[in-house]
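Q: Could we go through this structure together, starting with the overall fold and then moving to the packing?

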Amino acid sequence: MSTEEAWITSQKRVFSKWINIQLSKRPDLQGKLIVEDLKNDLCDGIILGVLMEVLSQKHFKYKTSGVKVYFQKIENVNNVLNFIQNSEGIKIVGTGGEDIVGGNLELIMGLIWTLIFKYQISLTNSSTFDASDIPDEFKKLNGKDLLMAWVRGNLLNGYGSILETMKDFHNSWQDGLAFCAMVHRLLPNSINVEELKKEERLKNLNLAFETAEKELGVPALLDAQDVSSLGKPDEQSIMTYLSFFPKIYKERGVKVQLSLDRSLITSIDPNLEPLPVVEKEKSPEKERAIEKKIEESPVPVPAKAQIHECQVVEEELAFLKKKVELLENNLLTETTTRETAEKQNQKGNTQIQQLTSELEKLRKELELLQQKLSSEATQRESAENQSGKDNTQIQQLTSELEKLRKELESLQQKLSSETTQTENAEKQSEKYYAQNQQLTSELEKLRKE
């Protein structure tokens, strides 16, 4: 397995566990809905709909059963996505019902990460962190930077060596020491941080995860092997796991003073006031290098917001183009199908005409034979002493007449079958024509957009 495949597998496992934790909050559905395959288990929109009801604490219109065929799945997933965007105000770019139903794993994980970041990681959410506890200068930061400020604040007292290496949400956590510190702050008797060795990664990680699960109730989302062995552990997975801790700290009455190194901020705001930073040795050379980098930067800070807006517009345009292309393909398919149905209809009409002609011919032959038989019978009645040869001829004529009657019945059955097929083909042609008009209308509407 390549590094990228291992990273995807790790993230998929963490996101699936997170979804199942949310679904377990619905006791009426206990055990009935569970995510085992993130790529396919969301395709009918039912699990996604229940997940959004749990996260938003709102009810909305979507189907919870009877979603079987493709178009029903598309409609149900789109109902959930519309709720996410319109009712919850979460912007989703480039992801539609077709992507979820089609099992586009990259876009599915992107959507789940958006929900995790909104409802789990954002520390301004009252369920994990009191907004009143966040100083004004920190409220300009996004959820990721606030989480880092909270983590670094935890390490200010007694964990200096770990604090020095706390720069990110991936490599800074590989040796397990920072995870152990998070647990030790609440359970000082459960972990002896002074005896931990940096090189014993797996041991440290397993100790932190197992203790946090058993004694603090923190779900075991992460796999120690994934965190320790991957070249760069998955940032989103680690952030998701860590986001469970602030609520537990809050429940236990432990307050944390936020602290963040200015150089670690990812959500730069040009109006941001200076933040409190951890005291460290000043380096004039490093400060001059930073100042020079800022001066030589080709993109000023205000322009970054404009670039972001342009990128969002470009993504929306790409999504619309993709949808137009999909509709054009559907329109082409429907047109081709309709043309095929029309050809079959024409072929059926030709065959009916041929059968009708053959039937008419047989009817005429039957009439002639009937006339001949009648004449022979009359002659037989008028000449009772006619030889046995005449009787033989009448029998032959009777046999031929019976044979022609059977052929006539067979042709009539074939004509009835061809007529039924033609009627079905005409109905199918009318159906394709209606779908063609509908797709053409949607295409025209999207082109105008």
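Q: What should I know about the model and its numbering before we start?
A: This is a predicted model, in which local features need pLDDT of at least 70, side-chain atom pairs count only at pLDDT 80 or more, and totals for chains, interfaces and linings use all residues. Residues are numbered from 1 along each chain as its sequence is written, and side-chain values use heavy atoms, with hydrogens and water left out.

Q: How many helices and strands does the protein chain have?
A: The protein chain has 15 helices and 0 strands. Both are DSSP runs numbered from the N terminus, helices being H or I with at least four residues and strands E with at least two.

Q: And how much of the chain is buried?
A: Of its 449 residues, 40% count as buried. Buried means under 20% relative accessible area, exposed over 50%, and partly exposed in between, with a 1.4 Å probe and protein chains only.

Q: Turning to packing, at what angle do H1 and H5 cross?
A: The axes of H1 (residues 3–23) and H5 (residues 105–121) cross at roughly 50° and come within 11 Å. Axes are lines fitted to C-alpha atoms, for helices over the stretch in contact, and angles run from 0 to 180 degrees between N-to-C directions.

Q: Why is that pair called oblique?
A: The angle of roughly 50° makes H1 oblique to H5, because angles under 35 degrees count as roughly parallel, over 145 as roughly antiparallel, 65 to 115 as roughly perpendicular and the rest as oblique.

Q: Is the crossing of H1 and H5 left-handed or right-handed?
A: The crossing of H1 and H5 is left-handed: the near helix is turned anticlockwise from the far one by less than a right angle, whereas clockwise would be right-handed.

Q: Which residues meet there?
A: From H1 they include Phe-15, Trp-18 and Ile-19, and from H5 they include Met-109, Ile-112 and Trp-113. The residues of this contact of H1 with H5 divide into 10 nonpolar, 3 polar and 1 charged. Here Ala, Val, Leu, Ile, Met, Phe, Trp, Tyr, Cys and Pro count as nonpolar, Asp, Glu, Lys and Arg as charged, and the others, Gly among them, as polar.

Q: What about H1 against H2?
A: H1 and H2 (residues 46–56) pack at an angle of about 65°, with axes 9 Å apart. H1 brings Trp-18, Ile-19, Gln-22 and Leu-23 to this contact, and H2 brings Ile-47, Val-50, Leu-51, Val-54 and Leu-55.

Q: How many residues of H11 are buried, and what covers them?
A: In H11 (residues 235–242), 6 of the 8 residues are buried. What covers the buried residues of H11 includes H1, H5, H6 (143–154), H8, H9 and H12 (245–251).

Q: Is Cys-180 buried or exposed?
A: Cys-180 is buried, because its relative accessible area is 0%.

Q: Last one: where is Lys-197?
A: Lys-197 lies in the loop between H8 (177–186) and H9 (201–216). Lys-197 is partly exposed, at 43% relative accessible area.

How values were computed
Contact = heavy atoms within 4.5 Å.
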